[in-house]
Amino acid sequence: MKHTEENAMKQQSLDKRQGVDKSSKSGHSIQTKPKCSSDAKADKEDLKNTVAKGKKRKSNSGVEDNSSIDKLVKIQVPSTLKQRLVVDWEFVTQQDKLVKLPRSPNVNDILTKYLEYSSKKDDIMTDSVGEILKGIRCYFDKALPVMLLYKKERQQYYELVLDDVSPSTIYGAEHLLRLFVKFPELLAYVNIEEETLIRLQQKLMDFLKFLQKNQSTFFVSAYDGSRGSEGGR
């Protein structure tokens, strides 16, 4: 009987030790999860600072979802338009020159011209293209003051975009092109079916080709140097 009790006590002691081991292991796994979660939150905060607020995914796997969507949203800017982006940056940030505003043609004019161009090319797609262009105009008006302006351009914006004036009636191709660089980030936060997203991507690429084809008409050839230094660095 005594031998049996000793065995029972040894078994209980062994069980307690195993329980401690298990709890320590589970405690370790619990500690690693918040670490990953905090990393994900940090990534999301970085994105939130770059893109417009209020469009973050709710699930904790949002970062993974965004990376998969980013693979779908690839907007290849033609090389000649890339060069325009570089020249645009140099004029504003290095030479203290700004685009003279208001622009003609402005963003609204360019979108209208593309709709006319697209309807001649494909009558069936006119309605869907019209909706896409409305979306581009909406994105432009909202994104311009948040992420499309260099610091030196802000004073000019505050002076010209007053009350209910839409930026798309003031700015032109130079700033519209900047939006297309940001589109992959912006679209990563929109819940769109993959097939729809691919069609949208194709239309955005076609629009860029249209810009490239008409760049001598849509883009300014010289920047205004009389106001660039007002905005500071």
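This is a predicted model: local features need pLDDT of at least 70, side-chain atom pairs count only at pLDDT 80 or more; totals for chains, interfaces and linings use all residues.

Student: How many helices and strands does the protein chain have?

Tutor: Helices (H or I, at least four residues) and strands (E, at least two) are DSSP runs, numbered from the N terminus. Here the protein chain has nine helices and zero strands.

Student: What share of the residues is buried?

Tutor: Buried means under 20% relative accessible area, exposed over 50%, and partly exposed in between, using a 1.4 Å probe and protein chains only. Of the 233 residues in the protein chain, 34% are buried.

Student: How do I describe two packed helices?

Tutor: Two packed helices are described by the angle between their axes and the distance between the axes. Axes are lines fitted to C-alpha atoms, for helices over the stretch in contact, and angles run from 0 to 180 degrees between N-to-C directions. Take helix α3 (residues 79-94) and helix α7 (residues 173-187): their axes come within 10 Å and cross at roughly 115°.

Student: Which residues of α3 and α7 meet?

Tutor: Contact means heavy atoms within 4.5 Å. From α3 come Leu-81, Arg-84, Leu-85, Asp-88 and Val-92, and from α7 come Glu-174, Leu-177, Arg-178 and Val-181. By class, this contact has five nonpolar, no polar and four charged residues. In these classes, Ala, Val, Leu, Ile, Met, Phe, Trp, Tyr, Cys and Pro are nonpolar, Asp, Glu, Lys and Arg are charged, and the others, Gly among them, are polar.

Student: Why does Asn-106 count as buried?

Tutor: Asn-106 counts as buried because its relative accessibility is 11%. Asn-106 sits in the loop between α3 and α4 (107-121). Not counting residues up to four places away in sequence, Asn-106 touches Ser-168, Thr-169, Ile-170, Tyr-171 and Gly-172. A polar atom of the Asn-106 side chain lies 3.0 Å from the backbone nitrogen of Asn-108, and one lies 2.8 Å from the backbone nitrogen of Asp-109.

Student: Is Asp-206 buried or exposed?

Tutor: Asp-206 counts as buried, because its relative accessibility is 16%. Asp-206 is in helix α8 (residues 194-213). Leaving aside neighbours within four places in sequence, Asp-206 is in contact with Tyr-114, Tyr-117 and Lys-121.

Technical notes: Residues are numbered from 1 along each chain as its sequence is written. Side-chain values use heavy atoms; hydrogens and water are left out. A polar contact is a pair of N or O atoms within 3.5 Å; within protein, one must be able to donate a hydrogen and the other to accept it, and residues adjacent in sequence count only if both atoms are side-chain atoms.
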